[in-house]
Amino acid sequence: ENRPNVRLGDILIEAELITAAQLGEALRIQAGQRGRRIGEILIEMGAVSVRLIQYAMSDKLGIPYVNVREFEIGAGALEAIDTAFAIRYQVLPLLRIGATLVVAVEDPLLMDFAQELRLNAGMTIAPVIANPPDLKARIAREYSTLEGRIGEGRSGPAGTNASAPNAPARSSNTPHMKVTDLTSQLARETH
């Protein structure tokens, strides 16, 4: 949440993924089309891919990149965020670590909903970066499963999961090392 004020164009130039001329062209396009993201314009120009943008942001900002297709979601994480909120803002809760909720988002620099998320979850938010199509698919899958459990009456009050044994298996072939690595990295960053 206390991330430096960094501009995506500067990150991409520093990583030598785009040139100053490409950024200048993208900024000219953006000036004529208010509201468009610079990253979106650079992708349309063919200057860079979504994945390269995300890797550059992860490297520069020290925010982990997570493969949400295979990540094993921690107990109680999904229930921390309302389904409508998760879908509207494309945010996927991954882990609860003490008073911190780790969430996957497409772009942690554009989390204009961070304060609302903090209030909604009642926890400190630690963002990680995820691939947009994978994120969208995983949110749809996880929350439809969660809604099914709530509809069957297997969820406790206020959307909490009162019966973890009935929770669906989540990528049991995923090594637990990923969760451990992410937890360790987050612990190092907060101290």
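**Entry 1: the chain as a whole**

In what order do the elements of the protein chain run from the N terminus on? I read them off as α-α-α-α-α-β-β-α-β-α-α. I am working with a predicted model, and I keep that in mind throughout. My tally for the protein chain is 8 helices and 3 strands.

Next I looked up burial, and 41% of the 191 residues count as buried. The accessible surface comes to about 10300 Å², and carbon and sulfur atoms account for 52% of that surface. I also checked how far along the sequence the contacts reach. Among contacts between residues at least 6 apart in sequence, 62% join residues at least 24 apart.

**Entry 2: the sheet**

I turned to the strands. The 3 strands form an open sheet in the order E1-E2-E3, with mixed pairing.

A reminder to myself: strands of a sheet pair through backbone hydrogen bonds, either parallel or antiparallel. Both kinds turn up here. E1 and E2 pair in the antiparallel sense over 5 bridges, while E2 and E3 run parallel and are joined by 6 bridges.

I then followed some individual partners. Ile97 has Thr100 in E2 as its bridge partner. Across to E3, Ala104 has Val128 as its bridge partner, and Val105 stands opposite Ile129.

How many residues of E2 are buried? I count 5 of its 6, so I put E2 down as mostly covered. E3 is mostly covered too, with 5 of its 6 residues buried.

**Entry 3: helix H6**

Which residues of helix H6 (residues 114–121) are buried? They are Ala114, Leu117 and Ala121. Looking down the axis of H6, I see these buried residues fall within an arc of 60°, so they line one face of the helix.

On the face of H6 turned away from the buried side, I find the exposed residues Gln115 and Leu119.

What do the buried residues of H6 pack against? My list has helix H5 (83–89), strand E2 (100–105) and strand E3 (124–129). As for its placement, H6 lies across E2 and E3 and runs at about 125° to E3. Gly122 follows H6, and its phi is positive, near 70°.

**Entry 4: Met111**

Where does Met111 lie? I found Met111 in the loop between E2 and H6. Is Met111 buried or exposed? Its relative accessibility is 13%, and the cut-off for buried is under 20%, so Met111 counts as buried.

I went through what Met111 touches, leaving aside residues up to four places away in sequence. The contacts are Val105, Leu117, Ile125 and Pro127. Two of these names are already in my notes: Val105 is the residue opposite Ile129 in E3, and Leu117 is among the buried residues of H6.

One distance for the record: the C-alpha atoms of Met111 and Val91 are separated by 9.6 Å, with the two residues 20 apart along the chain.

**Entry 5: Arg138**

What lies 2.4 Å from a polar atom of the side chain of Arg138? The backbone oxygen of Val68 does.

Conventions. Residues are numbered from 1 along each chain as its sequence is written. This is a predicted model: local features need pLDDT of at least 70, side-chain atom pairs count only at pLDDT 80 or more; totals for chains, interfaces and linings use all residues. Side-chain values use heavy atoms; hydrogens and water are left out. Helices (H or I, at least four residues) and strands (E, at least two) are DSSP runs, numbered from the N terminus. Buried means under 20% relative accessible area, exposed over 50%, partly exposed in between (1.4 Å probe, protein chains only). Contact means heavy atoms within 4.5 Å. Accessible areas come from the Shrake-Rupley method with a 1.4 Å probe; for residues, only the protein chains shown count as cover. A polar contact is a pair of N or O atoms within 3.5 Å; within protein, one must be able to donate a hydrogen and the other to accept it, and residues adjacent in sequence count only if both atoms are side-chain atoms. The arc is that of the directions from the helix axis to the C-beta atoms. Two strands pair if DSSP finds at least two bridges between them. Axes are lines fitted to C-alpha atoms, for helices over the stretch in contact, and angles run from 0 to 180 degrees between N-to-C directions.
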